[in-house]
Amino acid sequence: MLIIVYLVAVVIFMVPCQSKHEDCDIFPKNPVVEMGSDLFLTFAKSIGIPCLTYDPRKIIWKLNGKKIPEEHYSFTNSTGASVVIRNVSHPTGDVSCNLRVAGKDILIAVTDVKAGFPPEKPQNISCIQFYKKNVACSWDPGRNTFLETEFNVTYTFGYDFSEILFYTTKQHTYQFEDGHLQLYAPLNVTVKAENALGDAFSDVLHVFGVDIVKLEPPVISLENPTLRSSIRVNWRRPKAPRSLGLNCEVQHQETGSNKWSVSAINMSLKKEESFDITNLKPFTNYTVSVRCIGDEMQIHWSDWSPKITAISHGDVPSEKPDLWRQINAPDGEGNRIVQLLWKALQISTSSNGMFWFRVQCKSKSKPWQDLVFNTTSMKAALNLTKEAFEISVVAFNSFGDSPKAVLVVPAVGEKGLQQVKEVEAFSYKDLIWVKWKTPDVPVNTYVIDWCMDDETCEIDWQYINTTSVSLSGAFGPCKRYNITVYALFDGKPGLPVTVQTYLKEAAPGPVSDVQAFNVQQTTATIKWREIPKNERHGFITNYTIFYKDDKGLESYVTVNSSVLEYLLDSLQPNTKYIVHVMASTKAGGTNSSETFFTTVRYSLPFIKYTSLAAGLVVVVIIVLGIFTFTAVKKYLLPEIPDPAHSSISKMSLEKMFTANLNKSKQDGENFVYNLIIVENVSEPPLQRSSLISAESKLLTPINPPRGPSQAQLSLVYYVSGDGYRKQMSAQEMLNRSLSNQPLLSVSSTELQSEPGSPSYSRNEESPMEDISEINVCEETPSVSAYLKNCVKARELVVRENKFDLCEKGTTPEPSVTSNAKQNSAGQAYVTVDLFSHKLSNACNQSSIMEWKENLK
């Protein structure tokens, strides 16, 4: 919508203008003003005629695209628009006139504006006449006008100044042919400078043509002089008027120096000239050049001739060689290699004057070992023994010898002389300086040697007489140098003192091989490799260890340059860390590449103690399980004794047990029941139901009855095979078997008696020592441990009558009624249960009577 309104407004605005053909513009057009002045511009049909079709209050003025403040606007009779630009400061610019329509600025006129300065008076006019070539004049144009300025040069020459030449140029120099000039006629030169803001004239230059002549440089050559330490220079006369005499200058300098020496020569009218440059260093390179000028008030010297280099003639060397040495470590016999080094005499050699060096080595203890040789080299290697030697070097040529340079090599093991103190090396203004303090003994001469700290270590050295010096040599930045200072005592050096320094330090190379070791719960060891010497670029001042956890929290630790590993502590468990190491010199620091590590969740002691505790818990559980299983088995699943493992089986074949069953009867008779067990019977006799052998009545009683009140009854039991004997030892008759239950081996004293139970005691009246008698019918019988612990919860159930086991009408009830069983070998055996039952039956009245009948 705005575009449509804008186009309609433009059409409405342009139609009236075109219909009236009103041509309006900015006046003055393309003005040029002096910089710093004000500029007044008007938008009109022509000068003084306003534009009637434009509303001046809608016109906007802009300078270089920026709106000029409206307070600088002015109007004439409501039909003219003007603007004032204050203090014009731009050399170029444009001013535009715009009409505001529908919020847009429409350009209706524009003009260029230039600002500058009027020209200044040209100064210092100078003209040169290159002989038989051209004339060139130059001048000083003054300040920059920022405007296009032309220079009009007027030449008038001749005695009547009738010859006039005009030249126009925009430069401040001009050349024209010298054919228009007369060599010996006067010449006037004037320069006019002109631009849009004005013009200026120079003063008039009055000269003669011959005065401004400038000759060409002479052509020179060199030849070998006949004098010592000299150079001869030859040159030819340059082009010049024949009647013009010449003055020339010869300059020379030692090659590489900045100091020139000049010698003046009057050549007059000669066609050639030669000059000997004397008092030079022998066999030294020199640079020579020559220039000339007329001797009749000429203004301009010729240019210097092209420089050539010459070698001075030889002479006797005036300086001794600069001598030094390197001594290698001696071998087992004291022999050592000595490297002799010396410098040239700061002069070069030529094909006809070469220097030679004479080396002489003298032994102080063995004069016959002296060594002398000549060489053109600057070094020599000597294989010397352990004695002290004096070494001298002389430079010589065809004119003679130089002074002698002497150096003493001390003997192996000789006590060293004093050394200098507090040696310090530092860099200052791109030079390496060394200073020190003298030893206790006065010293007049010192020697300093230095080399780059690398494998080659090619040394340079310098003799001085002061205690501070700047070293002369080619030193590179970021390189470490070893500097050693010696005090010389009559040619014999004292003990050395070595320091290190850099000419210029820089940030070191990166630290390499950064690794994390021994990573624990809160600690980790960071280790890195030392930077090689050629990559340090300076003295390492410190290392800084930066480490950051996975939450972005960064910390750092700074250690000195001797530390190559560090233990980080106070870390978080089970946390990933990023670490890098920065090496620093005084010039800056360089970071290593990053490495990663993760701390453990639990510490090693925690894991050890936890594992130990877990192991102990497992052991306790196992032990408790075993005890629980044993207890459960003991009370719920008791073990059934195996008679095959009873101790009875271990009784001797000739042993037998006799059980005396003594009981007081009411009638006063004592019956003795003898229980005889015969072992190792291959085929026992047929047993009766009462288990009393049929042969028992044929046996003779062990204790025959001695009176009417005493009777004896013998019961014989046969045990075939091994039976219980396998479990009996030879020393014991009724020991316990290997099973957990006692079997007829516990005496009555070891058993706890119960009321009504029979007691078992040994019959002390038995004449046989190895037959055990067990008294069953005691008043206080005891219960067998076997009967207390037998399988199937056997119990000995007895009557409460504990005094009369064999009383009339009373018969003890057996605890368990059991029949005879077979052992593992298929043989019969007697259990304690059955034995107890039969004893009870034996106490029955009918049984007793039966026994009596049998005894009869």
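Are Cys127 and Cys137 buried or exposed? Both are buried. Buried means under 20% relative accessible area, exposed means over 50%, and partly exposed lies in between (1.4 Å probe, protein chains only).

**Before you start**

This is a predicted model: local features need pLDDT of at least 70, side-chain atom pairs count only at pLDDT 80 or more, and totals for chains, interfaces and linings use all residues. Residues are numbered from 1 along each chain as its sequence is written, and side-chain values use heavy atoms, with hydrogens and water left out.

**Stop 1: the whole chain**

Helices (H or I, at least four residues) and strands (E, at least two) are DSSP runs, numbered from the N terminus. The chain has 856 residues, and 41% of them count as buried. Now consider contacts, meaning heavy atoms within 4.5 Å. Among contacts in the chain with a separation of 6 or more, 63% come from residues 24 or more positions apart.

**Stop 2: the disulfides**

Select the cysteines. A disulfide is a pair of cysteine sulfur atoms within 2.5 Å. By this rule there are two disulfides.

Go to Cys127 and Cys137. A disulfide joins them, with an S to S distance of 2.0 Å. Cys127 sits in strand β10 (residues 123-130) and Cys137 in strand β11 (residues 134-140), 10 residues apart. The torsion about their S-S bond is about 110°, so this disulfide is right-handed.

Next, select Cys248 and Cys292. Their sulfur atoms are 2.1 Å apart and form a disulfide. Cys248 lies in strand β21 (residues 246-254) and Cys292 in strand β24 (residues 285-294), so the pair ties together parts that are 44 residues apart in sequence. Here the S-S torsion is about 100°, so this disulfide is right-handed. Cys248 is buried, at 1% relative accessible area. Cys292 is buried as well, at 0%.

Two further cysteines deserve a click. Cys97 is buried, with a relative accessible area of 0%. Cys361 is buried at 3%.

**Stop 3**

Strands of a sheet pair through backbone hydrogen bonds, either parallel or antiparallel. Two strands count as paired if DSSP finds at least two bridges between them.

Select β42, β43 and β46. How are these three strands paired? The pairing is antiparallel, in an open sheet with the order β42-β43-β46. β42 (512-517) and β46 (565-568) stand at the edges with a single partner strand each, so one side of each has no neighbour in the sheet. The twist averages 20° from one strand to the next. Such angles run from 0 to 180 degrees between N-to-C directions, with axes fitted to C-alpha atoms (for helices, over the stretch in contact).

Zoom in on β42 and β43 (residues 524-529). They pair over four bridges in the antiparallel sense. Find Gln515: its bridge partner in β43 is Lys527.

**Stop 3: aromatic rings**

A pair of aromatic rings is described by the distance of the centres and the angle of the planes. Rings of Phe, Tyr and Trp (its six-membered ring) pair if their centres lie within 6.5 Å; planes under 30 degrees apart are stacked, over 60 edge-to-face, and the rest tilted. By this rule there are 14 aromatic pairs.

Select Tyr502 and Phe539. Their ring centres are 4.9 Å apart and their planes stand at 90°, so the pair is edge-to-face. Tyr502 lies in strand β41 (residues 497-502) and Phe539 in the loop between β43 and β44 (542-549), so the pair ties together parts that are 37 residues apart in sequence. Tyr502 is buried at 4% relative accessibility. Phe539 is partly exposed at 30%.

Move to Tyr577 and Phe597. Their ring centres are 5.5 Å apart and their planes lie at 15°, so the pair is stacked. Tyr577 is in strand β47 (residues 576-585) and Phe597 in strand β49 (residues 595-598), 20 residues apart. Both Tyr577 and Phe597 are buried.

β47 and β49 are antiparallel partners over four bridges. Lys576 stands opposite Thr598 in β49.

For a cluster, select Tyr155, Tyr167 and Tyr174, which are linked by ring pairs.

**Stop 4: charges over rings**

A charge sits over a ring if NZ of Lys or CZ of Arg is within 6 Å of the ring centre and within 35 degrees of the ring normal. Select Arg143 and Phe117: Arg143 lies over the ring face, 4.3 Å from the ring centre. Finish at Arg325, whose charged end sits over the ring of Tyr486, 5.5 Å from its centre.
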